[in-house]
Amino acid sequence: MTDKTTAQGATPGGPGNDEADATTTRAAVVAEAADGTSRSLTADAFRSLRRNPFFWISSALIVIFMLMAVWPSLFTTYDLGFNDLSRSRETPSGAHWFGTDTQGADIYTRTVYGARASILVGVLATTGVLLLGSLLGLIAGYVGGWVDTLISRLGDIFFAIPLLLVGIIFLSSLQDTPTLLGIPIQGYFGVIFQVVLVFVLFGWPSLMRLMRSSVIQVKPNDYVQAARALGATPMRIIRRHVLPNAMAPAIVVATINLGAYIAAEATLSFLGIGLRPPTVSWGVMINDGLTPLRASPHILFFPALFLSIAVLAFIMLGDAVRDAFDPKSR
Amino acid sequence: MRVKSRAMAIASISAVALLATACGGSSDTDSTSGGTAGGAIVSGGCNPENPLVAGNTAETCGGDVLDVLTAKLIHYNPETAQPENDIAESIETKDNQTFTVKIKKGYKFHDGTEVLAKNFVDAWNYTAFGPNGQQGGYFFEPVEGFKEVSDPKSKVKKLSGLKVVDDHTFTIKTTTPVSNLPLRLGYTAFAPQPDSFFDDPEAFGKKPVAAGPYKFDSWEENSAIVVSKFDDYSGDFGGNSDKITFKIFQDADAEYTALLAGEIDVVRQIPPSALIDNKFKTDLGDGRYLEKENSTFQFVGMNYHVDPKLKNVKVRQAISMAIDRPTIVKQIFNDAYTPATGWVSPVVDGYKAGACGEYCEFNPEKAKKLLKEGGGYDGKLTLSYNGDGGHKEWTQAVCNSVKKSIGIDCVATPSVDFKTILTKLGKDEVKGLFRMGWVMDYPSIENYLSPIYGATASSNYYGYDNAAFQKKMSEAGAADTPEAANKLYQEAEGLIAKEFTTIPLWYGKTIIGWSDKVTDVKATPFGNPDLAAIKVK
């Protein structure tokens, strides 16, 4: 996987399933040329997406979750601070759709408010990983040589560390630190920042590898060579030719990962080291529901259900997008 | 200082608990004899924090084991907590200041040597000596010469108040009169140590020798501690079963599951998950569990010298009246606690109900009125708690109750562990409220007053300094009879009620469960199962 700056094989020798997608772009370009129509790859992908029912289902779910994250009061009449201890651990009823928890708070309201933290972590982590991973992958693939070796080896090192393990170590050591590099890391956004930071720092290698092999495949193409012969600057070549043709697999994988990050955030919060009360998140709620699990399983059930649906929605969307961008699967 | 860090069994799943599950290890419990004595029992246990040295054990994990290993001058009756002579033949005093202790002749350590007066005096000197850093050192505070000996850099190795008269007699002289001194002598820190202890205390702690009903057999780290019946036990409080294995568990849920599976015979506590809706009662069935009030006392402290917003006593009383104790106890603790009516646990000698009066009753109307009279409270009020002790639910509930009743924006704020909070408290850095707990060291009202509210006491985190209180306490210490002393102590408690620098919350309850293989399980007033008394069916 090293120093194959000129490699063009259908399957680059690198590990990881992500890279199997790397052939996509080139194949798509070839397909497009053979087709003879003027449709771009993206337009083509969107056309196929529109016909995919999974795309519509997952999009609808994601829109609802996004709306919950932005405007939770739209969904519930209760205030987040509402609680009535004398009515603790009630089962679902007309007044409390999902029942009440140990503190007598409305579980439905808390679940709706919990969406914000999960979605924020998922979206921010995915964006961060996509940006950092693509940038490094682009540099490694395009520049090649010792820069590639350096970035790839660095990626291997970070790739070898399990994300959850490093999350536990990192977050538990920061638990009592008020600021990191001058940024306050306690409080709602502070803790979200911590979690996102961990995911970005240790999640970029897979996307870097994917991007790198994509770039390596696009680079020797005729249109890139032509642009170079015409005297285009490297920046222009990257922006106009390499990036648009190499980006698709990275976006696909990032979308699928979004769901995985939401699940990882919930895991860390459940362990008590991710988001912490009074911040509401699904992981925190699942943790709260653990003690009364035997007597009142509904306290744990509803946040867990929402978590599963959200993760499923993002993974389904990622799947649909992958299908659209991968002509082989059509 | 024996402040309590844990409310009850911990349900909070920590990273550690998830990664490290309770260690297994096969148990050999199946030697049931069917008789009333003999047989082996397996008790749930936890990892002792320190080696098993009586003077250096201030937590229950090691304390449970030492309870059956050691014999002390005094033995507390498991039922009534009344002191009974064990090694002591008699403890006499004329002025509550000089005590003459006569010990029984022929009392044997597990290694066969006799318990002599010097074993007590040497052990106590060792524990009190500052450079030894023993956790039980503060118990010797009343003894003359403690100040010089207890300094961490001290060169004085002997308490001037302790004197060996002959092999079976020694005297204790206290700095000021202490009427209840004999009552205190049953605590583990006052246990005698055999001569072999002083040769190598470090190694001794891994293989302790004492004079109690059971002798030490083996200790497999993180797995089990085994003790067996001491055949030459000389006291009156011998054990019933032949062998006790303390199987070590990392969390209460695992321990409870092991009980249900028949792997262990006694659990020291029922985990919160089984307390909910009294699940444990159906899990275990009638006659296999027991509920009994214990000495745990939970309260909320504050230091208004550090936080001037709490300066007015009416504000503090208003906060207390805004806490709906009965509902919290019912919904959060599933009645494993009882709402407090004063600052002293009902299980101790000298307890008087109702010291707190109406201020410990939930009354939002009156609370609002008091808050107004006291000038109100602006801004956020934090209630700090240690995140490692399972306090999240109730601190949140207390804050919710305060917020709802009198509109103060109360936020329960976790701190990593108990040590962190205590360190911050020591530096006067904690504003607002903080949770506190107390378990008695010895069954006396005095134990709930002087270590907490004495002007220079080790556990006074509240900046409480009241000359009238000090005077009452020393008067009580010098009182002729325990009854007279208790009356004075109760008056001292009244002074605390006036100042209201701590808010009483609730008293603890011991709930223990056992398997159908054992019988005669009783709980001591300290909240532990009385292991020596347990019989195998």
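**View 1. Gly99(A) in the loop between α3 (53-70) and α4 (107-143) of chain A.** In this predicted model, Gly99(A) counts as buried at 0% relative accessibility, where buried means under 20% relative accessible area, exposed over 50% and partly exposed in between (1.4 Å probe, protein chains only). Leaving aside residues up to four places away in sequence, Gly99(A) touches Glu90(A), Thr91(A), Pro92(A), Ala105(A), Asp106(A), Ile107(A) and His298(A), contact being heavy atoms within 4.5 Å. Gly99(A) and Phe54(A) are separated by 45 residues in sequence and, from C-alpha to C-alpha, by 31 Å in space. Helices (H or I, at least four residues) and strands (E, at least two) are DSSP runs, numbered from the N terminus.

**View 2. The interface between chain B and chain A.** Here 26 residues of chain B are in contact with 20 residues of chain A. The two chains bury about 2,200 Å² between them, 54% of it on carbon and sulfur atoms; buried area is the accessible area (1.4 Å probe) that two parts lose on being put together, summed over both.

View 3. Three salt bridges are counted between chain B and chain A, a salt bridge being a side-chain nitrogen of Lys or Arg within 4 Å of a carboxyl oxygen of Asp or Glu. Asp288(A) forms a salt bridge with Lys392(B), in which the closest N and O atoms are 2.6 Å apart. The elements that give two or more residues to the side of chain B that touches chain A are α1 (15-19), α9 (272-275), α10 (279-284), α12 (325-331) and α14 (392-406) of chain B. The largest share of that side, six residues, comes from α14(B).

**Conventions.** Residues are numbered from 1 along each chain as its sequence is written, while chains are lettered from A and ligands numbered from 1 in the order in which they are written. Local features need pLDDT of at least 70, side-chain atom pairs count only at pLDDT 80 or more, and totals for chains, interfaces and linings use all residues, with side-chain values using heavy atoms and leaving out hydrogens and water.
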